[in-house]
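Dear colleague,

Please find below the sequence and the structure that I am handing over to you. My findings follow directly after them.

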Amino acid sequence: MPVKLRITLLFCLIVFVILAIVCATAYYFSYTQRQQNLRTRLSNRAITLARLLGQSQVFDQALIRRIDSSTMLAMKDKTFQAYDYLNKKIYSYSDAVVDTVTIDTNILDDARVKGMIFFHIGHKEAVAYHYITPNTRIVAITAAYDEEGKAKIRQLRNILWFSFLSGIIITFLGGYFFSARLMRPVRKIADDINEISAHNLSGRISTGEVKDEWHYLSETLNRLLNRLQDSFETQRRFVSNASHELSTPLTAISSQLEVSLQKNREAQQYRVVMESVYQDVRHLSKLTQTLLEFAQASGDAGGLNILPVRMDEILMSLPAEIKKSNIDYLVVLSFDDMPAEEEKLIVFGNAELLFTAIKNIVSNACKYSADHKAVITLKAEHETITIAISDKGKGIPEEEIKYIFQPFYRVNSTSQQAGFGLGLSLANRIIKLHKGNITVNSTPGQGTEFVITVPTAKF
Amino acid sequence: MNLDSKEVKRGNDVINLTAKEFQLLEYLLRNKNKVVSRAAIAVNVWDIDFDTNTNIIDVYISYLRNKIDKPYERKLIQTHVGMGYILKENDR
């Protein structure tokens, strides 16, 4: 069932209940009031009649009948009767001559017990009143048809029915138009999104002029689309860069092999070619290794092996590892104020990835400085660990700092240094994965400092 | 102390140590009942360049003490003020 119909039906149900309660109450009160009114009038009349009859020495029956006939009670078909204690009819008057009303003796007995009772004779309402004086015991009966009251009640009932039904219809129509208007933006947003696909991410949802919830929703979705488009772009760039990086050594290998296969050569010459090819293959395998790590560090931490990691231990294994890659490289650890509690050194994370991240930064620091020396300082502060890696290298030009974390970006592309331009990008991703942050301070000609902050594990 | 499985036990309790703590304990055990100076520890356990004025050895000794000695009444690692540390089986 569409939402607009559901809203409409809910509206109708609420209005139905409210109107039903209001109409029923109004009708009930009018109905009981009319009845009460009539009964009051009838009983007054009965009391008067009984009193008049009780004073038979003053008022004879003819006089009473004259009084009755001239009484304007605004009631139709009045009938007055009186019975003595032997159930004998002692008085009878009717507006209509043919109107013969017989009263059951049960009613008379009942009236004698209760004093006053209300009952119906045909379409008339009636009152029986037991009047007692020391001399007389009379049951006076007055009956009449309340034509005016009934007509009013009928009229009221018609009015109530009419307003009830028209209220429901108006609510239904109003609710339907209202909810249709309410739901229209949803349909529009859905249509807009349908237009946008993975191949055409540039489209956006029109947010409209009014700053309402739909506007907010559209803006949120547009922001999501922006992020999606960005990540698609990044992915596309990454794939094209990676394929380029992969194809360069492959082309080199293939052309070298092609040239050397053109004729028979000396064993020494094959050796030279094979060594060159071996270099390229090593380069390739290193590249694919880095790409694998990159893929691992991308996305969320869901598939990773996350354990408590001691950061100081990771840092302490670095100098030897860096020395392994190049004997000239020197890493100095400076742990000036170690915290007394080892908990302050523990990070929830993947030890291998964290090691790779810091190693990449440190080996960059060694690679791009003349003395091939990097200094690592560790500080454990309130809920964060700060690792600073500084070198006295040539520094990074300020305008290039914002690019250095992009994959395949290399400062000073003509540099003779080997590398893919993936190290810092990978490090950045890994640190981001651990909810940390990397900042760079660099003064060209004097040196660079990378500052990594990661939150400590909370137990 | 099991050097192959890198497992440390005191009595029947298995104690979890980090790599460096393990190396430090190993060094202290190899020099059982001997006072070892901070310099000796730095050279043998941290065979890497360190800034001077670092308190890392004292900090690591305290980490190690927390894990090895704190839950027990008999303290194995003791400080010889001005000289270094000693690991002793029993304190006479």
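A residue is called buried under 20% relative accessible area, exposed over 50%, and partly exposed in between (1.4 Å probe, protein chains only). At 33% relative accessibility, A:Glu219 therefore counts as partly exposed. A:Glu219 belongs to helix 5 (residues 213-261) of chain A; helices (H or I, at least four residues) and strands (E, at least two) are DSSP runs, numbered from the N terminus. The C-alpha atom of A:Glu219 is separated by 6.5 Å from that of A:Thr207, 12 residues apart along the chain.

Some conventions apply throughout. This is a predicted model, in which local features need pLDDT of at least 70 and side-chain atom pairs count only at pLDDT 80 or more, while totals for chains, interfaces and linings use all residues. Residues are numbered from 1 along each chain as its sequence is written, chains are lettered from A and ligands numbered from 1 in the order in which they are written, and side-chain values use heavy atoms, with hydrogens and water left out.

Chain A has 10 helices and 12 strands, and 37% of its 459 residues are buried. Of the contacts in chain A with a separation of 6 or more, 64% are between residues 24 or more positions apart; contact means heavy atoms within 4.5 Å.

An open sheet of five strands in chain A has the order 2-1-5-4-3, with antiparallel pairing; two strands pair if DSSP finds at least two bridges between them. Strand 2 (89-94) and strand 3 (116-121) of chain A each have a single partner strand, so each is left with one side without a neighbour in the sheet. On average, neighbouring strands of this sheet are turned by 15° against each other, direction ignored. Axes are lines fitted to C-alpha atoms, for helices over the stretch in contact, and angles run from 0 to 180 degrees between N-to-C directions.

Helix 1 (residues 3-54) of chain A packs on the sheet and touches strand 1 (76-83), strand 2, strand 3, strand 4 and strand 5 (137-145) of chain A. The direction of this helix makes about 40° with that of strand 4 of chain A. Helix 3 (residues 105-114) of chain A lies across strand 1, strand 3, strand 4 and strand 5 of chain A, at about 155° to strand 3 of chain A.

Six of the eight residues of strand 1 of chain A are buried, so this strand is largely enclosed by the rest of the structure. Strand 1 of chain A is joined to strand 5 of chain A by six antiparallel bridges and to strand 2 of chain A by five. A:Phe80 stands opposite A:Thr142 in strand 5 of chain A and opposite A:Tyr93 in strand 2 of chain A.

As for the complex, the predictor gives an ipTM of 0.72 and a pTM of 0.55. Between the chains, 19 residues of chain A are in contact with 17 residues of chain B. The buried area, that is, the accessible area (1.4 Å probe) that two parts lose on being put together, summed over both, is about 1,400 Å² between chain A and chain B. In chain A, A:Glu313, A:Met316 and A:Met338 lose the most area to chain B, together 33% of what that side buries.

Chain B has a mean pLDDT of 75, and 85% of its residues reach 70 or more; pLDDT is the predictor's confidence in each residue, from 0 to 100.

Yours sincerely
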